[in-house]
Amino acid sequence: MTATTEVSDTPVIKPGGAKEVRRAFSSRTASILIIVLTILWTIPTFGVFVTSFRPGHDVANSGWWEFFVHPKATWENYHTVLFVGGSGVTGGIIPYLVNSLVITIPATLISLTIAAMAAYCIAWIRFRGSDSIFFFIFALQVVPLQMSLIPLQRFYNLGAHIGTVPIFPALHLGQHHPIVQIWISHTMFALPLAVFLLHNFIAQLPRDLMEAARVDGANHFRIFRTIVLPLITPALASFAIFEFLWVWNDLLVALTFGGYNVKSTPVTARLQQMIGQYGANWQLLTAGAFVAIIIPLIVFFALQRFFVRGLLAGSVKG
Amino acid sequence: MSVRDKVVLSLMVGIPLLGVLFFIWFPAVATVILSFTKWNGIGGIKAIKADGVQNYVQAATNYPPFWPAVRHNVLWLIVFLVIATPLGMLFAVVLDRNLRGGRIYQSLLFLPVMLSLALIGIIWELIYSPNFGLLNNVIGRSGQHNLIDWLGNPHLNLWAVLVEACWRQAPYVMVLYLAGLKAVDPTLREAALVDGAGPWQTFWRVVFPTLRPINVVILVITVIESLRAFDLVYITNGGNNGLELLSVLITRNIVGQVSRIGFGSALGVVLLVISLVPIVTFLVMQLRQEKRS
């Protein structure tokens with residue numbers, strides 16, 4: 001590395017003792033810095049958490065920090081939000097949580113499967129145009145979602161034609177299966193980044209491994225399933241977290257293709273609706289907000305051990 | 001390669017390729033074409049009329065929210081690039097020192113990334129609310145006579161919302177950089193240390209250059225996220241009164257009742273061009289640098 005030699009030209013050698021002191025000091029500064037930042041960063045979420053347990057009367061008349069002066073907590077808000085609705089909202093939030101899961105889990109799994117297979121092919125099988133395909137898929141990331149939504153909607157309903165010749169059939173999903181449209185849209189919009197990141201990871205697997213398997217007569221699908229998949233688990237897990245969060249948190253795609261109804265609306269869109277209806281009832285809104293966070297939290301902590309490790313491994317070569 | 005292998009491989013590459021072709025590429029091209037036409041979305045393809053650059057002219061000269069929206073979008077991008085990204089990098093560098101309890105800080109800092117932008121809008125209301133918001137109470141502006149309406153005042157609300165956006169974006173960048181830093185060969189740092197480099201120099205001269213591939217990913221993600229800004233302003237006030245953004249205007253013209261698809265598409269193209277500027281600039285700089293070295 002040329003950078004290392006450059007550094008050696010500038011002598012900053014200090015006597016050992018002073019250096020030790022300086023290092024201890026700077027690690028303490030770092031600790032303090034990170035503690036302050038973490039507290040700052042957590043305050044807003046913490047405020048929501050506290051508010052969601054306060055009785056409505058208190059919330060309407062004082063800020064959430066007053067809870068620590070006059071502590072009064074209740075489960076009532078969660079009960080209302082989950083099972084009852086209240087304040088002009090009919091029905092609890094549970095069906096919408098289910099919708100979110102029904103949308104998010106398949107969308108995440110489908111996009112991961114397709115992307116992993118494509119990444120394997122592009123990274124390990126030399127064929128004409130493999131580089132251009134990789135670049136083409138990567139470049140699509142810059143297309144803003146909004147640009148494709150409307151053509152996409154018409155495409156789902158009418159199919160694609162050149163002149164009068166149909167080249168893709170109309171899917172007619174909108175009426176009865178809006179969730180299928182949401183799956184397809186999320187999968188396609190996730191593919192560019194997923195293929196890019198997984199490609200980087202798969203490309204740095206040892207060549208000998210693949211070649212040995214080839215010599216033993218394994219076909220490509222078998223190599224992919226038994227050798228590549230287990231090795232890329234960390235990368236898959238980290239991308240799964242990201243994809244899960246994207247889909248779970250999405251509002252635009254869900255609204256465009258699912259609209260507002262109890263059969264296909266995810267919890268984000270429901271919350272957005274509730275902002276209007278609950279109005280000043282912040283204790284209910286915040287309880288709803290916390291309910292919506294819990295599932296992503298579980299997913300994150302379940303997959304966390306893979307997270308930092310898998311995300312970009314292969315992108316950096318030291 | 002056997003026939004079976006060939007079939008399997010073609011499926012493995014073909015399905016995603018056709019997928020992105022049909023579901024992203026064609027719609028995007030269609031949007032560019034539609035931006036030169038006039039169409040209210042009713043009636044088949046025959047109802048579409050060519051209209052030249054009229055939509056663009058009209059947007060620039062006869063559509064009041066257009067220029068504010070462009071300004072806000074560009075500002076959003078700049079704030080993400082010069083504030084949120086370095087902040088995320090700082091988090092990552094500090095956390096990378098393996099402090100005691102680092103995992104806990106990391107998880108807490110990452111929390112905002114797990115929240116939907118809709119939720120973030122709700123969460124920050126509790127900070128910004130004029131009477132019972134934390135901010136006004138802390139700075140002593142919660143009395144009736146001196147209230148600051150952070151989200152209502154059209155001169156302040158964009159900045160207030162940008163704070164919310166950075167609150168989520170910085171930890172996002174943090175995780176990506178952290179992943180990159182963990183992958184840096186430790187012998188590089190040791191070598192720098194032996195050569196007598198301080199931590200500052202080690203980072204900028206030795207570690208940072210190896211992170212270059214990650215910078216590409218971060219740049220792309222930053223651009224994508226700043227274009228996705230839709231949800232946050234939509235939740236806050238529907239994207240009016242100081243919070244105009246191109247994405248909101250597009251949605252309003254295409255999905256809303258007005259249905260001016262050609263016009264909305266033209267706005268979409270403008271958004272695409274804005275997002276391409278930083279990416280193309282970066283790639284050109286990279287190419288030049290590679291040629292030099």
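**Figure 1. The contact between chain A and chain B in the predicted model.** The contact draws 85 residues from chain A and 93 residues from chain B, where two residues are in contact if their C-beta atoms, placed from the backbone, lie within 7 Å. On the side of chain A that touches chain B, helix 2 (residues 16-51) of chain A provides the largest share, 15 residues; helices (H or I, at least four residues) and strands (E, at least two) are DSSP runs, numbered from the N terminus. By class, that side of chain A consists of 60 nonpolar, 23 polar and two charged residues, with Ala, Val, Leu, Ile, Met, Phe, Trp, Tyr, Cys and Pro counted as nonpolar, Asp, Glu, Lys and Arg as charged, and the others, Gly among them, as polar. The model scores ipTM 0.79 and pTM 0.81. Because this is a predicted model, local features need pLDDT of at least 70 and side-chain atom pairs count only at pLDDT 80 or more, whereas totals for chains, interfaces and linings use all residues. Residues are numbered from 1 along each chain as its sequence is written, and chains are lettered from A and ligands numbered from 1 in the order in which they are written.

Figure 2. Val13(B) belongs to helix 1 (residues 3-34) of chain B. With 21 C-beta neighbours inside 10 Å, Val13(B) counts as buried; a residue is buried if 20 or more other C-beta atoms lie within 10 Å of its own, exposed if 12 or fewer, and partly exposed in between, the C-beta atoms being placed from the backbone. When its neighbours within four places in sequence are left aside, Val13(B) is in contact with Ala118(A), Cys121(A), Ile122(A) and Ile133(A).

**Figure 3. Helix 5 and helix 11 of chain A.** The axes of helix 5 (residues 94-124) of chain A and helix 11 (residues 233-249) of chain A come within 9 Å and cross at roughly 140°, the axes being lines fitted to C-alpha atoms, for helices over the stretch in contact, and the angles running from 0 to 180 degrees between N-to-C directions. That angle makes helix 5 of chain A oblique to helix 11 of chain A, given that angles under 35 degrees count as roughly parallel, over 145 as roughly antiparallel, 65 to 115 as roughly perpendicular and the rest as oblique. The crossing of helix 5 of chain A with helix 11 of chain A is right-handed; a crossing is left-handed if the near helix is turned anticlockwise from the far one by less than a right angle, and right-handed if clockwise. Residues making this contact include Ile103(A), Ala107(A) and Leu112(A) of helix 5 of chain A, and Phe239(A), Glu243(A) and Trp248(A) of helix 11 of chain A. By class, the contact of helix 5 of chain A with helix 11 of chain A holds 10 nonpolar, four polar and one charged residues.

**Figure 4. Helix 3 and helix 10 of chain B.** Helix 3 of chain B packs against helix 10 (residues 212-227) of chain B at an angle of about 135°, with their axes 9 Å apart, and that makes helix 3 of chain B oblique to helix 10 of chain B. The two helices cross in a right-handed sense. Trp76(B), Leu77(B), Phe80(B), Leu81(B) and Thr85(B) of helix 3 of chain B meet Ile218(B), Thr222(B), Val223(B), Glu225(B) and Ser226(B) of helix 10 of chain B, and these residues divide into six nonpolar, three polar and one charged.

**Figure 5. Helix 2 and helix 13 of chain B.** The axes of helix 2 (residues 54-62) of chain B and helix 13 (residues 261-292) of chain B come within 9 Å and cross at roughly 75°, which makes helix 2 of chain B roughly perpendicular to helix 13 of chain B. On one side of the contact are Asn55(B), Tyr56(B), Gln58(B) and Ala59(B) of helix 2 of chain B, and on the other Gly262(B), Phe263(B), Ala266(B) and Leu267(B) of helix 13 of chain B. These residues comprise five nonpolar, three polar and no charged.

**Figure 6. Leu156(B) in its loop.** Leu156(B) is found in the loop between helix 6 (134-138) and helix 7 (157-182) of chain B, and, with 15 other C-beta atoms within 10 Å, is partly exposed. From C-alpha to C-alpha, Leu156(B) and Asp195(B) are 49 Å apart in space, and they are 39 residues apart in sequence.
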